[in-house]
Amino acid sequence: FEQSLFTIKGKLDVAVFEKAWERIVQRHSILRTGFLWEDLERPVQAVYRQVDFSVTKHDWRALTDTQRETQLQSFIEADRNQGFVLNEPPLLRLALLRFGEEEHKFLFSRHHLLLDRWSRALLLKDFFAIYDALSEGREPVLAAAIPYSRYIAWLSRQDAKSAEQFWRTTLAGFAEPTSFGVVRKSSQPVEEGKYYADRRTQLSETATDN
């Protein structure tokens with residue numbers, strides 16, 4: 001389960017925003033896909049022609065700043081706890097939360113089975129192109145979407161033994177993880193329910209010049 005939270009500042013056409021996401025769901029079959037495995041020899045992906053999809057919208061302009069932040073955190077947690085039923089697509093949820101006259105929070109929740117970080121970037125690129133076109137009253141012009149089934153077909157043709165031999169040869173001699181050169185946090189007791197932490201490192205212009 002993954003969530004991304006975006007802050008959108010400026011004028012936003014909510015109707016076009018929702019229509020653009022409807023186009024995205026129709027354009028990319030993986031977003032209309034469910035995963036079936038019970039009573040089957042092997043898991044399968046089932047692509048639906050149509051799925052019930054809409055953007056959840058809330059207007060929180062009447063709340064104070066503190067109330068909005070509290071409401072946002074509660075909303076994010078409730079959305080996360082809701083999870084997904086893998087055989088009931090779409091395995092994504094979108095929420096548009098209005099904070100001000102020209103400020104929205106956009107919560108993009110999805111199962112990792114659908115997208116990785118690279119795929120998310122491509123998906124958002126398509127969304128921006130569609131939103132811009134519809135906002136200007138023209139039909140979006142995009143290259144044909146490559147179906148995910150083509151990747152699955154390619155994957156099924158790969159020789160797992162050859163791949164394993166390649167990586168064993170390539171990584172021969174490595175005996176320990178490679179350090180990123182970032183000083184690790186001092187050992188601290190892990191709080192219950194927390195399994196990760198954030199570390200921010202500011203690099204100077206000199207360090208990044210080359």
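Reader: Which elements are included in what covers the buried residues of α3?

Author: This is a predicted model. In α3, the buried residues are Arg120, Leu123, Leu124, Asp126, Phe127, Ile130, Tyr131, Ala133 and Leu134. What covers these buried residues includes β1, α1 and β6.

Reader: How far apart are the end C-alpha atoms of α3?

Author: α3 has 19 residues, and at 1.5 Å a residue these should span 27 Å. The end C-alpha atoms agree with that value, because their distance is 27 Å.

Reader: At the start of α3, which residue has a backbone nitrogen that a side-chain oxygen of Asp116 reaches to within 3.3 Å?

Author: The cut-off for a polar contact is 3.5 Å between N or O atoms. At the start of α3, the side chain of Asp116 brings an oxygen to within 3.3 Å of a backbone nitrogen. That nitrogen belongs to Trp118.

Reader: Against which elements do the buried residues of α1 pack?

Author: Asp13 caps the N-terminal end of α1, with a side-chain oxygen 3.2 Å from the backbone nitrogen of Ala15. Within α1, the buried residues are Val16, Phe17, Glu18, Ala20, Trp21, Ile24 and Val25. They pack against β1, β4, β5, β6 and α3.

Reader: Which elements give two or more residues to the largest nonpolar core?

Author: The largest nonpolar core has 28 residues, and those with the most contacts inside it are Phe17, Trp21, Leu94, Phe108 and Leu114. The elements that give two or more residues to this core are α1, β5 (92-100), β6 (103-110) and α3 (117-135).

Reader: How many residues are in the other core, the one with Trp60 and Ile76 among them?

Author: This other core lies apart from the largest one. Ala95 and Leu97 are also among its members. The number of residues in it is seven.

Reader: Is His28 buried or exposed?

Author: His28 sits in the loop between α1 (14-27) and β2 (33-36). Its side chain makes a polar contact of 2.8 Å with that of Asp126. Leaving out residues up to four places away in sequence, His28 touches Leu123, Asp126 and Ala145. Its relative accessible area is 17%, and the cut-off for buried is under 20%, so His28 is buried.

Reader: Which strands stand at the edges of the open sheet?

Author: Four strands form this sheet in the order β1-β6-β5-β4, with mixed pairing. A strand with a single partner has one side left without a neighbour in the sheet, and that is so for β1 (2-9) and β4 (55-59).

Reader: How many bridges join β1 to β6?

Author: Strands of a sheet pair through backbone hydrogen bonds, either parallel or antiparallel. β1 and β6 run antiparallel. Lys9 has Glu103 in β6 as its bridge partner. The number of bridges joining β1 to β6 is eight.

Reader: At about what angle does α2 run to β5?

Author: Helix α2 covers residues 65-82 and lies across β1, β4, β5 and β6. Its angle to β5 is about 175°.

Reader: Near what value is the omega of the peptide bond from Pro89 to Pro90?

Author: Most residues other than glycine have a negative phi, and most peptide bonds are trans. Pro90 lies in the loop between α2 and β5. The bond from Pro89 to Pro90 is cis, with omega near 5°.

Reader: What is the relative accessibility of Asp39?

Author: Asp39 is in the loop between β2 and β3 (44-47). Its phi is positive, near 60°, in a residue other than glycine. Exposed means over 50%, and Asp39 counts as exposed because its relative accessibility is 85%.

Note on methods:
Residues numbered from 1 in each chain as written. Predicted model: local features only at pLDDT ≥ 70, side-chain atom pairs only at ≥ 80, totals over all residues. Heavy atoms only, no water. Buried < 20%, exposed > 50% of the residue type's maximum accessible area, 1.4 Å probe, protein only. Polar contact = N/O pair within 3.5 Å; in protein donor to acceptor, adjacent residues only side chain to side chain. Contact = heavy atoms within 4.5 Å. Core = buried A, V, L, I, M, F, W, Y, C linked by side-chain atoms within 4.5 Å. Pairing = 2+ DSSP bridges. Axes fitted to C-alpha atoms, helices over the stretch in contact; angles between N-to-C directions. Expected span 1.5 Å × (residues − 1).
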